[in-house]
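Please look over the sequence and the model below before reading on. The explanation that comes after is meant to be followed with both in view.

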Amino acid sequence: MAFVQSFSIWFIPFLIGFILLYGTYKKVPTYETFVEGGKEGFSIAINIIPFLVGMLVAISVFRASGALDYVMMAMRPLFSLFHIPAEVVPLGLMRTISGTGALGMTSDLIATHGPDSFIGRLASTIQGSTDTTFYVLTVYFGAVGIKKMKYALKVGLLADLIGFLASIAAITLLFYS
Amino acid sequence: MVNYIWVGMMVIGFVVAAVNGNMDKVNEAIFTSAKEAVTLSFAMISILVFWLGIMRIAEKGGLLEVLAYLFRPIVKWLFPDIPKDHPAQGYILSNMAANLLGLGNAATPMGIKAMEQLKILNGGKNEASRSMITLLAINTSSITLIPTTIIAIRMSYNSQSPTDIVAPTLLATAVATIGAILIDRYYYYRSLQKEGK
């Protein structure tokens, strides 16, 4: 763990230092180039705003109204049919919709069941194995103004389902077989 | 399809709230989440400005080309539509590398730059191209070597071995990414068939 932590702390300065030295070696006007490249960041962030507002409002209306709870309840029997623990089903759904929401659920599951329990480990793996599809879709496409997503959402959601099932399989296989 | 999902989430939300009698919560949710979205976008400015600045230096120095050259076979297989030596390749690889190393805040700016290049390749249309969807699929399934946030949470709840979920996470994320790439291929060929008809 100490290694993991120090790796993350050392890696970013190392990477930046390497890029800066390499640029200097290649006679790039580093500071001017940095400023010029950075300028774009502002307009990209502004471009994302309407996409993110639209998506987050819709998701939060769906959540706050209780509609998401009904979807979870409706899906429960289907999941229990495949011996998927009911405790992690809401997390699996939340993972694709909201990053912070899922993180909250994961902490909650870890707190209730213990970090080294089956559910605790499973929640940790589900949280780490995929990213928030709706968020990634909104930010990446929003930044460059893509409005027709075609089959992108389907691919993202199916990948999430695979990640969810693979998490259950991995935990069962590595710890409980 | 996004239009239907978007309207569906809102309208179903309103109807359910009317039945449940928690319309006040929904009202609050609309405005707090709109505010949250703007805050989130503004929070991204610092990261975007910094990493895009650094990446421009890497680009001008030719580092991205080196990266693209080293991993050419992978990119060529994943993104057959991108012409040889196109700048999109370098950005895609930096995005993948940053994801792999768990540098989430560096991965986003590079992914956006890659999207920008892919949009130019697609004639500037506001429609997603094949390569864009593949890049997105790889990002939503996010291969990460070390899930640092989760490890930190596990530590704070006194786990006996906070890192023991690294192996299963790696396994699950690898399966998800491979799955994403295959599903992406499947839908691409299906969309070709549809267009052919």
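The paragraphs below take up chain A as a whole and then a pair of helices in chain B.

This is a predicted model, and what is said here should be read with that in mind. Chain A contains eight helices and zero strands, so that its pattern, when followed along the sequence, reads α-α-α-α-α-α-α-α. For 177 residues the globule rule gives 16 Å, whereas the radius of gyration of chain A is 21 Å, well over that value, and chain A is therefore more spread out than a compact globule. Taken along the principal axes, the box filled by the C-alpha atoms of chain A is roughly 65 × 40 × 25 Å.

Two further values describe how the residues of chain A are placed. Of its 177 residues, 48% are buried, and among the contacts between residues at least 6 apart in sequence, 61% join residues that are at least 24 apart.

In chain B, helix 3 (residues 63–70) and helix 5 (residues 87–100) have axes that come within 8 Å and cross at roughly 80°. Because angles of 65 to 115 degrees count as roughly perpendicular, helix 3 of chain B is described as roughly perpendicular to helix 5 of chain B. On the side of helix 3 of chain B the contact is made by L64(B), E65(B), L67(B) and A68(B), while helix 5 of chain B contributes P87(B), Q89(B), G90(B), Y91(B), L93(B) and S94(B).

Notes
Residues numbered from 1 in each chain as written. Chains lettered and ligands numbered in written order. Predicted model: local features only at pLDDT ≥ 70, side-chain atom pairs only at ≥ 80, totals over all residues. Helix = DSSP H or I, 4+ residues; strand = E, 2+ residues; numbered from the N terminus. Rg over C-alpha atoms; globule rule 2.2 N^0.38 Å. Buried ≥ 20, exposed ≤ 12 C-beta atoms within 10 Å, placed from the backbone. Contact = placed C-beta atoms within 7 Å. Axes fitted to C-alpha atoms, helices over the stretch in contact; angles between N-to-C directions. Parallel < 35°, antiparallel > 145°, perpendicular 65-115°, else oblique.
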